[in-house]
Amino acid sequence: MLKNGSLQTKIFVTYSILILLIIACIVAALAVYSSKMVQKGVYTGTERLLQKITEQFDGRVKDMERINVSLLLDENLAKHLYTPASIPGLGVQDTRKLTNTISSINGPFSSAFKIVAFNFEHKYALSPQSLDNAEALFQAGLEGIPIFAPLADGDGSFTLLPPHLDNWSQLQVPVFSLSRKIKDAAGREYGYIEVQQRYSDLARLYEPDPAIDSEFYIFDPTGDLFYPRPSIDASASAEDAELYKPYVFAGSSGSASVRNSGGEPMLLTYRQSPLTGHVLTIAQSREQALASVGRLNALIVGAGLLVLLATLIVLHHSSKRLTLPLRTLGSSLKQVTLSNLALNIDYTDKNNELQQLDRLFRKMFSRLQLSIEQLTEAGEREAKAQLLALQSQINPHFIHNTLATIGAAAKQGEQPEKVAEMCRQLSSQLRYTTSSDFVRVEDEIEYTRNYLNLLKYRYEEHFDFEIDIDPELRDIELPRITIQPFVENAMKHAFASVPPPWHIRIEGRVAGGHWKIAVLDDGAGADEPTLEELRAKIEALFSNERRSGDKVHSGSYSLGIVNTYARLMLLHGESATMKIENVPGRGLKVSFGGKIKTGTEDGHVQGNGSRRRASFDSGHSV
């Protein structure tokens with residue numbers, strides 16, 4: 001549709017689509033962000049509310065524990081509780097004193113609904129409140145009352161009894177209670193103390209938002225429904241609670257999105273009581289709880305549409321003004337030839353940009369050919385300089401340490417032949433660093449042997465090495481100083497945390513038309529983090545090469561594995577390989593190689609500049 005349209009139409013439509021996408025992305029991002037923030041606010045608010053409810057629940061239980069413990073510690077009451085036979089013989093006045101003691105412990109505001117100290121064996125019960133059903137309970141016995149059955153097997157600790165009807169009164173008020181077995185130091189049982197709270201107090205823990213359908217549940221540690229209790233509240237249903245149970249025991253606290261028995265999405269928030277292990281849960285209608293999210297998203301979309309409309313109006317006028325000088329430029333460009341590189345533009349104050357373009361256009365052709373030639377020449381020089389820089393690096397610390405070893409040997413009057421040989425080997429090494437860019441494996445091995453010999457002079461019996469190279473490898477060409485960096489890497493890193501003696505082995509093999517050289521040490525080996533670090537350096541090297549036109553930079557990559565592989569690729573191209581792996585038992589093996597060229601191709605493998613990623617099983621930093 002736009003192919004035959006005017007430039008103004010193309011600009012307007014193109015930028016309109018772009019602006020539409022940008023605004024749509026911004027609106028979508030804002031909608032998602034605001035939705036998450038609102039949801040987070042709902043979740044956080046519900047979690048804070050549930051934390052407050054849990055604290056209130058724990059506070060009630062702690063108050064029941066306080067009353068229970070206070071009764072056991074009261075001397076006057078304890079004297080009779082630990083002598084059950086004395087209680088039936090108490091007179092009215094003594095009984096009133098005991099019940100008054102219980103009332104005083106309960107406090108002036110009667111924090112507990114009912115407090116009862118009882119013993120089924122001796123058939124007594126003490127309480128300031130009504131006990132008109134005590135005789136029937138004593139006849140039934142402890143085992144005959146289901147709610148008291150767990151007390152018989154208790155170990156004397158507090159037991160939080162689930163909601164039930166008050167067994168001591170014929171009024172049958174729904175309560176939940178905390179009971180404890182009365183035992184002396186010898187473990188003898190004397191009775192029980194029960195502290196009751198009204199069942200209705202549990203309902204008052206949670207005040208729901210009238211605008212949101214919600215439910216409040218309490219599960220005991222075994223997973224049974226503590227509140228609402230179907231056996232107490234006829235309107236309570238355990239159907240939804242059974243669906244929520246697998247989610248609320250997933251952790252000490254959290255939220256989950258579930259569906260109730262009617263299929264409605266629900267936002268489930270739960271928190272476990274650190275005191276009793278009970279799990280308090282609030283289930284809210286997800287749609288109603290997050291209703292503000294929809295309103296906020298509608299507001300954001302409306303604002304986005306208004307911004308889009310205003311932007312399109314401005315874009316229409318801007319594109320109309322923009323196309324006028326472009327049409328003028330197009331007419332002038334039709335008249336440009338190689339002999340006439342001038343833009344015949346009617347220069348006015350409003351076309352200063354076109355006048356400047358005319359001047360730049362003339363200069364561009366005059367510099368074009370010169371720039372191409374300079375760029376080609378500079379690229380060749382830079383590639384050569386980079387290769388020379390990669391091959392010319394040598395560790396100055398090694399030279400310093402070697403000279404120090406030579407000086408120490410000469411000062412101690414050791415054999416002059418040994419000092420002379422050390423000087424010869426060091427001189428050979430320094431001379432080798434200025435030789436040709438590419439050398440034979442035989443020359444590289446000789447250079448490395450001199451390096452290892454100098455290390456042997458320095459570390460003596462603490463260090464040993466061996467070299468085993470197939471004769472077929474001698475004439476293969478390598479970049480100068482290829483093997484030595486791996487030896488230096490082993491001395492610097494692999495042996496840093498391993499006590500001597502140390503051993504290095506260099507071996508070279510030819511098989512299947514490929515050659516391979518390996519450097520093995522018996523050092524500490526490598527771990528995965530350092531391998532990842534090396535991998536990142538290699539990846540950074542390749543990324544940098546692709547951005548700079550397949551040029552190798554040494555820079556911060558220093559000596560060692562990265563530079564060596566880079567130089568191998570410059571010489572051997574895509575056939576260059578490198579592998580690093582841990583040696584079974586202890587140590588590290590670094591191997592590299594390439595393909596042996598046949599026919600007209602000799603050891604001077606001419607790489608085409610393509611790159612192939614090295615295979616690393618493990619490695620350490622260079």
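Residues are called buried under 20% relative accessible area, exposed over 50% and partly exposed in between (1.4 Å probe, protein chains only). The model is predicted: local features need pLDDT of at least 70, side-chain atom pairs count only at pLDDT 80 or more, and totals for chains, interfaces and linings use all residues. Residues are numbered from 1 along each chain as its sequence is written, and side-chain values use heavy atoms, leaving out hydrogens and water.

**View 1. Overall content of the protein.**
The protein has 16 helices and 18 strands; helices (H or I, at least four residues) and strands (E, at least two) are DSSP runs numbered from the N terminus. Of its 622 residues, 40% are buried. Contacts are pairs with heavy atoms within 4.5 Å. Among those between residues at least 6 apart in sequence, 65% join residues at least 24 apart. The accessible surface is about 33100 Å², with 55% of it belonging to carbon and sulfur atoms; such areas come from the Shrake-Rupley method with a 1.4 Å probe, and for residues only the protein chains shown count as cover.

An unreviewed UniProt entry places the feature "transmembrane region" at residues 12-33 and 296-315; UniProt positions follow the numbering used here, feature names are shortened, and annotations may be inferred rather than shown by experiment. Residues 12-33 are 100% helix and 0% strand, with the end C-alpha atoms 31 Å apart. Residues 296-315 are also 100% helix and 0% strand, and their end C-alpha atoms lie 29 Å apart. A nonpolar surface patch consists of Tyr15, Leu18, Ile22, Ile26 and Leu30, which together have about 470 Å² of accessible area. Patches are made of residues with over 30% relative accessible area and no salt bridge, joining like charges within 9 Å and nonpolar side chains (Val, Leu, Ile, Met, Phe, Trp, Tyr) within 5 Å. Tyr15 belongs to helix α1 (residues 7-73) and is partly exposed, at a relative accessible area of 44%.

**View 2. Surroundings of Phe118.**
Phe118 is part of strand β1 (residues 114-119). Phe118 counts as buried because its relative accessible area is 0%. Leaving aside residues up to four places away in sequence, Phe118 touches Tyr124, Ala125, Phe148, Leu151, Trp168, Gly191, Tyr192 and Glu194. Between Phe118 and Tyr192 there are 5.4 Å in space, C-alpha to C-alpha, against a separation of 74 residues in sequence.

The structure holds 16 salt bridges, each a side-chain nitrogen of Lys or Arg within 4 Å of a carboxyl oxygen of Asp or Glu. Arg440 is partly exposed, at 31% relative accessible area. Asp475 is exposed, with a relative accessible area of 52%. A further salt bridge pairs Arg449 with Glu446 (3.2 Å, N to O). Both residues of this pair, Arg449 and Glu446, are in helix α13 (residues 441-459), three residues apart, about one turn of the helix. Arg449 is partly exposed at 29% relative accessibility, as is Glu446 at 35%.

**View 3. A salt-bridge network.**
Salt bridges link Glu466, Asp468, Asp470, Arg505, Glu507 and Arg509 in a network.

Most residues other than glycine have a negative phi, and most peptide bonds are trans. Tyr227 and Pro228 are joined by a cis peptide bond with omega about -5°; Pro228 is in the loop between β7 (225-227) and α7 (239-248). Another cis peptide bond joins Pro500 and Pro501, with omega about 10°. Pro501 sits in the loop between α14 (484-494) and β14 (502-511). Lys123, not a glycine, has a positive phi of about 55° and lies in the loop between β1 and β2 (124-126). Lys123 is partly exposed, at 48%. Glu460, in the loop between α13 and β12, has a positive phi near 55° and is partly exposed, at 41%.

**View 4. Two cysteines.**
Cys25 is exposed, with 54% relative accessible area, and Cys423 is partly exposed, with 37%. The structure holds zero disulfides, a disulfide being a pair of cysteine sulfur atoms within 2.5 Å.
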